There are 2 protein chains.
Amino acid sequence: MDEIITLDYGSGGKKTSRLIEGMILPALDNPALRPLGDGAILPGGEPLVFSTDSFVVDPLFFPGGDIGKLAVCGTVNDVAMCGGVPAWLSCSFIIEEGLPAAQLERVIASMRATCEAAEVQIVTGDTKVVERGRGDKLYINTAGIGQLRYPGLSPRAIREGDRVLLSGTAGDHGAAVMLARSGLMQGELRSDCAPLNKLAQALLGTGLQVRVLRDPTRGGVATTLNEFVEGTALGIEIEEERIPVSGPVQAACELLGLDPLYCANEGKLLAVVPPESEDAALALLRSFPEGRAAARIGTVTGQVPGRLVMKTRLGGRRILQKLAGAQLPRIC
Amino acid sequence: MDEIITLDYGSGGKKTSRLIEGMILPALDNPALRPLGDGAILPGGEPLVFSTDSFVVDPLFFPGGDIGKLAVCGTVNDVAMCGGVPAWLSCSFIIEEGLPAAQLERVIASMRATCEAAEVQIVTGDTKVVERGRGDKLYINTAGIGQLRYPGLSPRAIREGDRVLLSGTAGDHGAAVMLARSGLMQGELRSDCAPLNKLAQALLGTGLQVRVLRDPTRGGVATTLNEFVEGTALGIEIEEERIPVSGPVQAACELLGLDPLYCANEGKLLAVVPPESEDAALALLRSFPEGRAAARIGTVTGQVPGRLVMKTRLGGRRILQKLAGAQLPRIC
């Protein structure tokens with residue numbers, strides 16, 4: 001990696017991977033650290049899922065959410081995607097001197113409302129204040145714990161012929177935040193920020209086989225699907241015309257020069273399921289408001305090992321790599 | 001509270017209490033949130049202790065430690081002080097663009113070494129990068145989980161006549177960091193930053209009665225002892241001449257205009273024990289290198305309800321309040 005850490009390293013894409021896999025994981029290596037993408041599974045009386053994220057989104061308030069809602073959803077969703085039933089959160093604030101107390105109150109009220117919606121509790125926390133110019137209004141860290149009810153979810157469980165499902169439209173959060181930051185007219189575009197634990201538990205609780213679940217946040221759908229297959233003998237082929245993208249997201253992405261497949265989502269999940277589970281899984285997802293636009297967007301294939309390929313509307317095939325640079329800094 | 005959050009709100013003293021107790025706790029109120037100072041006790045298969053802290057110390061490296069060692073010790077110690085056996089940590093980085101990668105590597109190596117010393121594992125994490133001027137080199141959040149092996153520790157268990165023990169000299173961390181920040185000669189002064197879980201478990205595992213344990217970090221010994229008795233019918237009287245303070249800490253505090261009783265400690269614990277446990281508890285603490293300067297510094301009394309009083313060397317009595325302002329910003 002470079003000798004100096006630049007914004008690119010926070011993008012959720014290739015450089016973030018290099019930082020995490022090249023430096024952080026090898027240095028901290030231990031048996032519990034590696035197996036899952038966004039959380040650890042802990043032994044103990046009953047196995048637990050444990051996950052954390054820090055949130056540095058700019059601006060603090062955006063259409064469809066705010067940093068507080070995001071901080072609860074982000075960690076709730078990570079625990080749920082690991083097969084856990086999120087129950088308890090920690091919450092830590094790093095406040096920049098000069099933040100109006102009313103803004104902090106608004107964020108905390110939003111956290112509380114989101115906790116109630118997700119049926120989780122914030123049970124411990126911490127508050128630090130830094131000087132002006134040493135932060136940006138407010139950063140929040142949450143860590144979350146839940147009991148592991150659905151073990152075995154893993155990209156390693158993926159098999160050739162499996163279906164790739166997306167629970168709704170792609171790119172809403174990233175496009176909404178970038179448009180809010182640009183100061184341009186926002187129209188109908190809203191972040192999809194939402195807790196996904198009930199949707200995930202419904203899907204996992206039916207007895208349908210599910211290989212892996214993941215919420216495609218930083219780096220978007222294209223980066224997460226790359227992570228599923230990189231270094232394996234399997235690839236994923238998605239079809240452009242099957243990927244649900246809302247009109248406002250399309251318009252914002254054109255305006256801002258973004259690609260919805262690389263824009264963060266904060267209320268969508270990707271599920272890989274065997275072919276025989278596809279119809280039932282889609283029907284179930286669509287029975288929830290947050291999953292009503294669910295679609296099969298692709299298939300697991302042995303043709304392009306380790307790669308994500310997109311069949312375009314015009315019939316061509318294009319390799320989609322992990323996000324390469326800082327397309328969307330400070331998106332979550 | 002004020003309409004604008006100032007640095008004072010991060011000092012660990014009165015304004016921090018107002019922010020947490022006046023705004024954050026009421027807004028997030030739930031049954032699990034309140035009972036303990038620095039962690040939550042969770043029901044479940046086996047009860048767990050869960051705690052978190054964000055670390056914003058300036059400078060990143062100081063004599064006796066660095067932000068990585070501090071981030072592991074701080075959360076390990078909070079779990080241990082709640083009666084838990086710390087086992088698993090999360091670790092989240094907020095990196096300011098421009099941080100030399102070598103500094104991050106050094107911090108991570110220090111975290112790993114400290115985890116090994118404390119026999120805990122970092123099992124999940126997150127990495128964000130913010131623009132120059134939106135952070136300060138590196139902030140770290142850790143959250144920690146441990147099984148609750150020693151339930152019932154609480155300031156509410158304190159009784160009149162109980163003894164107040166301090167496991168070593170006061171103020172080393174705060175004085176060392178402030179001296180490092182001042183750029184003045186540092187001499188022998190070093191932070192006491194250290195994991196306390198083995199010391200705490202030895203003390204709690206003997207069968208000796210212990211009312212409450214707490215590591216006096218931000219706000220120091222005086223603030224923590226105030227927290228033990230505030231709002232109760234009991235007070236604490238400490239004796240100035242019994243409080244161990246090292247020569248270098250005394251010299252640094254004189255130079256910088258600080259009071260060692262309000263300086264943060266990161267490798268010391270306060271224990272309140274019944275009188276019949278005093279001798280055995282002190283002997284046990286002193287049998288560990290990190291507790292060799294342990295001392296009884298005071299007694300719980302019914303004479304000064306809700307107050308901390310210090311009998312001075314000259315025989316006078318002085319009320320010590322919680323830290324009032326930002327004596328030591330960015331100390332941990």
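Modeller: A salt bridge, as counted here, is a side-chain nitrogen of Lys or Arg within 4 Å of a carboxyl oxygen of Asp or Glu. Please keep in mind that this is a predicted model.

Colleague: Which side chain meets that of A:Arg112 in a salt bridge?

Modeller: The partner is A:Glu116, with an N to O distance of 2.9 Å. The general idea comes from the geometry of the helix: an α-helix has 3.6 residues a turn, so residues three or four places apart point the same way. In this case A:Arg112 and A:Glu116 lie 4 residues apart in helix 3 of chain A and are therefore separated by about one helical turn. A:Arg112 is partly exposed, its relative accessible area being 28%.

Colleague: Which residue forms a salt bridge with A:Asp172?

Modeller: The side chain of A:Asp172 meets that of A:Lys268 at 3.5 Å, N to O. Here distant parts of the chain are linked, since A:Asp172 belongs to helix 4 of chain A while A:Lys268 sits in the loop between helix 7 and strand 11 (270–273), 96 residues apart. A:Asp172 is buried, with a relative accessible area of 9%, and A:Lys268 is buried as well, at 6%.

Colleague: Where in chain B do B:Glu230 and B:Lys322 lie?

Modeller: B:Glu230 is in the loop between helix 6 (220–229) and strand 10 (235–239) of chain B, and B:Lys322 is in the segment after strand 14 (317–319), 92 residues apart. Their side chains form a salt bridge of 3.4 Å, N to O.

Colleague: How many salt bridges does the rule give over all chains?

Modeller: The count over all chains is 38. Some salt bridges join into a network, and one such network links A:Glu131, A:Arg134, B:Asp136, B:Lys137 and B:Arg330.

Colleague: Let us turn to helix 4 of chain A. How many of its residues are buried?

Modeller: A residue is called buried under 20% relative accessible area. By that cut-off, 9 of the 11 residues of helix 4 (residues 172–182) of chain A are buried, and the helix is mostly covered. Among the buried residues are A:Asp172, A:His173, A:Val177, A:Met178 and A:Leu179. The cover includes strand 3 (61–62), helix 2 (67–81) and helix 7 (247–256) of chain A. Just after helix 4, A:Gly183 adopts a positive phi of about 80°.

Colleague: What of the corresponding stretch in chain B: where is B:Leu184 found?

Modeller: B:Leu184 lies in the loop between helix 4 (172–182) and helix 5 (197–205) of chain B. B:Leu184 is partly exposed, with a relative accessible area of 41%. Setting aside residues up to four places away in sequence, B:Leu184 touches B:Leu179, B:Leu255 and B:Leu256.

Colleague: How is the size of an interface expressed?

Modeller: The size of an interface is often given as the accessible area lost when the parts come together. Chain A and chain B bury about 6500 Å² between them, 66% of it on carbon and sulfur atoms. The contact takes 78 residues from each of chain A and chain B.

Colleague: How many salt bridges and polar contacts cross between the chains?

Modeller: There are 8 salt bridges between chain A and chain B. One of them joins A:Arg218 and B:Asp126 at 3.2 Å, N to O. On the side of chain A that touches chain B, the largest share, 10 residues, comes from strand 6 of chain A. The residues of that side divide into 41 nonpolar, 21 polar and 16 charged.

Terms used:
Residues are numbered from 1 along each chain as its sequence is written. Chains are lettered from A and ligands numbered from 1 in the order in which they are written. This is a predicted model: local features need pLDDT of at least 70, side-chain atom pairs count only at pLDDT 80 or more; totals for chains, interfaces and linings use all residues. Side-chain values use heavy atoms; hydrogens and water are left out. Buried means under 20% relative accessible area, exposed over 50%, partly exposed in between (1.4 Å probe, protein chains only). Helices (H or I, at least four residues) and strands (E, at least two) are DSSP runs, numbered from the N terminus. Contact means heavy atoms within 4.5 Å. Buried area is the accessible area (1.4 Å probe) that two parts lose on being put together, summed over both. Ala, Val, Leu, Ile, Met, Phe, Trp, Tyr, Cys and Pro count as nonpolar, Asp, Glu, Lys and Arg as charged, and the others, Gly among them, as polar.
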